[in-house]
Amino acid sequence: MRAFEYVPAKTVAEATSLLAEKGDQAKPLAGGTDLIVMVRENRRQLERMVDIKDLPETNVLSYSPDTGLDLGAAVPCHKIYADDAISAAYPGLIDAAKIIGGTAIQGRASVGGNLCNASPAADTIPPLIVLGAICVIAGPNGSTREVPVEQFCTAPGQSVLETGELLVSLKIPAPPTNSSSFYLRFIPRNEMDIAVVGAGASVVLNDTKTAIVSARIGLAAVAPTPLLAEEAGASLAGKEISDEAIDAAAEAAQAIASPISDMRGTAEQRTHLVGVLTRRALNGAIQRVKEA
Amino acid sequence: MPGKVHVQTTINGEAAEYLCEPRQSLLEVLRDVLYLTGAKEGCNNGNCGACSVILDGRLVNSCLVLGAELEGKSLETIEGLADPDQLHPIQDAFLENAALQCGICTPGFIMAAKALLDQNPNPTEHEIRYWLAGNLCRCTGYDKIVRAVQDAAQTTS
């Protein structure tokens with residue numbers, strides 16, 4: 001690896017000023033499972049890594065049924081799925097946290113890092129989108145701003161983060177009554193792979209669990225950024241649960257996908273998969289509400 | 001060029017300190033600075049698990065950790081597993097079940113198995129296979145490794 005400076009930050013303010021000083025030559029380090037590989041392979045050159053793993057704000061993991069989840073940007077995946085209350089409240093996020101890499105990767109990799117890496121195929125982003133997550137971003141000079149997660153990624157590997165800004169945490173609203181979520185991806189093997197397509201869904205059902213009050217659908221690996229399929233989700237609002245309604249939502253999701261053909265799959269296969277996975281994600285989320 | 005970092009840490013239960021460059025991975029520090037050559041470099045990008053170690057109780061790939069990150073932490077490596085006169089039960093089980101051929105992946109598999117049995121003393125075969133999915137072996141076909149971990153679970157629980 002090329003030489004760089006390693007600085008563990010002690011406060012958020014110190015982290016943002018350490019980042020701001022070096023501009024695009026500095027990056028925050030959380031789990032390092034993407035960043036260290038990129039620097040080693042010379043895909044990214046840096047003068048400074050700012051370790052943000054030991055800050056209280058980036059390590060917060062606090063859930064309440066009233067206010068929802070505060071998820072620090074450096075919390076590794078294994079801590080999230082080890083928490084029973086969080087697992088019960090946000091099963092779609094857990095579906096994703098459990099399939100990122102193997103055990104050793106999940107011991108270090110964070111959801112915040114997965115988001116900042118801004119891969120179109122990132123597994124945790126569709127569930128964050130369908131759960132309505134808000135990104136809490138600290139800037140230099142003590143400023144803070146909030147960005148809805150579906151607006152965070154701007155292009156492959158690019159995000160709204162500006163020089164000196166740090167993703168501190170994610171806020172996920174408390175799940176409404178009779179709601180659940182689900183995420184799945186297609187890969188040609190059982191484990192340890194990158195999504196050919198990923199789809200997440202969240203649903204809120206009525207009291208009798210026979211109709212959909214509202215739904216959100218998120219897609220990965222079918223566009224330059226993960227997508228919120230807004231019309232597809234909205235098409236289900238107020239509908240009785242039926243194969244026809246779910247098929248129509250899946251077709252609406254397919255309509256906004258603009259996949260490429262690459263080594264993992266063709267555009268045609270990916271568009272087909274959006275339909276299949278959207279149906280499965282919706283049915284999976286509905287099933288979870290019914291079983292709760 | 002940035003200077004070296006002075007790190008004070010605990011390795012296999014003993015206080016340790018070293019100087020490393022910020023760009024050196026924990027794997028490079030273990031092998032090239034501390035001469036603990038049990039952890040192996042396979043892919044050097046987090047896919048193969050040959051460099052698996054246990055950091056503060058969690059299985060990690062040492063190629064994806066910086067040596068400089070170890071300040072104040074506690075590390076377990078394959079070198080700390082056996083007593084001076086007795087192998088660890090997981091090591092015995094790998095020998096008894098012939099769960100290795102060339103041996104390059106073995107320290108990683110044994111550390112991964114230890115991390116599993118530390119938190120789940122009686123894993124199912126399914127749990128073992130998923131837990132070990134980040135460790136690659138190109139010789140054995142995995143069945144003997146899975147049986148060794150099952151045997152070790154019997155012995156240690």
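This is a predicted model: local features need pLDDT of at least 70, side-chain atom pairs count only at pLDDT 80 or more; totals for chains, interfaces and linings use all residues.
In chain A, five strands form an open sheet in the order β4-β5-β10-β6-β7, and their pairing is antiparallel. The edges of this sheet are held by β4 (61-64) and β7 (144-148) of chain A, each of which pairs on one side only. Averaged over the sheet, and with direction ignored, neighbouring strands are turned by 20° against each other. Within this arrangement, strand β6 of chain A, made of residues 134-138, pairs with β7(A) over five bridges in the antiparallel sense, and V136(A) is placed opposite E146(A) of β7(A). Helix α1 of chain A, which spans residues 12-22, lies across β6 and β10 (166-172) of chain A and runs at about 130° to β10(A).

Another open sheet of chain A consists of three strands in the order β1-β3-β2, and here the pairing is parallel. Its edge strands are β1 and β2 (26-29) of chain A, each pairing on one side only, while neighbouring strands of the sheet are turned by 25° against each other on average, direction ignored. Strand β2(A) runs parallel to strand β3 of chain A (residues 48-51), to which four bridges join it; across this pair, P28(A) stands opposite V50(A) of β3(A).

Two packed helices are described by the angle between their axes and the distance between the axes. For helix α11 (residues 243-256) and helix α12 (residues 267-291) of chain A, the angle is about 140° and the axes are 8 Å apart. The crossing in which α11(A) passes α12(A) is right-handed. On the side of α11(A), the contact is made by I246(A), D247(A), A249(A), A250(A), E251(A), A253(A) and Q254(A), and these meet T271(A), V274(A), G275(A), T278(A), R279(A), L282(A) and N283(A) of α12(A). Sorted by class, the residues of this contact comprise six nonpolar, five polar and three charged.

Chain B contains five helices and five strands, which follow one another from the N terminus in the order β-β-α-β-β-β-α-α-α-α. Along the principal axes, the C-alpha atoms of chain B fill a box of roughly 50 × 30 × 25 Å. The radius of gyration of chain B is 16 Å, which agrees with the value near 15 Å that a compact globule of 157 residues would have. Among the strands of this chain, β3 (residues 52-55) and β4 (residues 58-61) of chain B run antiparallel and are joined by four bridges, with V60(B) of β4(B) as the bridge partner of V53(B). Two residues lie between β3(B) and β4(B), which together form a hairpin, and in its turn D56(B) has a positive phi of about 45°.

The contact between the two chains involves 22 residues from chain A and 25 residues from chain B. On the side of chain A that touches chain B, at least two residues are supplied by each of β1 (5-8), α2 (35-40) and α7 (103-106) of chain A. The residues on that side of chain A divide into nine nonpolar, seven polar and six charged.

Methods
Residues are numbered from 1 along each chain as its sequence is written. Chains are lettered from A and ligands numbered from 1 in the order in which they are written. Two strands pair if DSSP finds at least two bridges between them. Axes are lines fitted to C-alpha atoms, for helices over the stretch in contact, and angles run from 0 to 180 degrees between N-to-C directions. Two residues are in contact if their C-beta atoms, placed from the backbone, lie within 7 Å. Ala, Val, Leu, Ile, Met, Phe, Trp, Tyr, Cys and Pro count as nonpolar, Asp, Glu, Lys and Arg as charged, and the others, Gly among them, as polar. A crossing is left-handed if the near helix is turned anticlockwise from the far one by less than a right angle, and right-handed if clockwise. The radius of gyration is taken over C-alpha atoms; the globule rule is 2.2 Å times the number of residues to the power 0.38.
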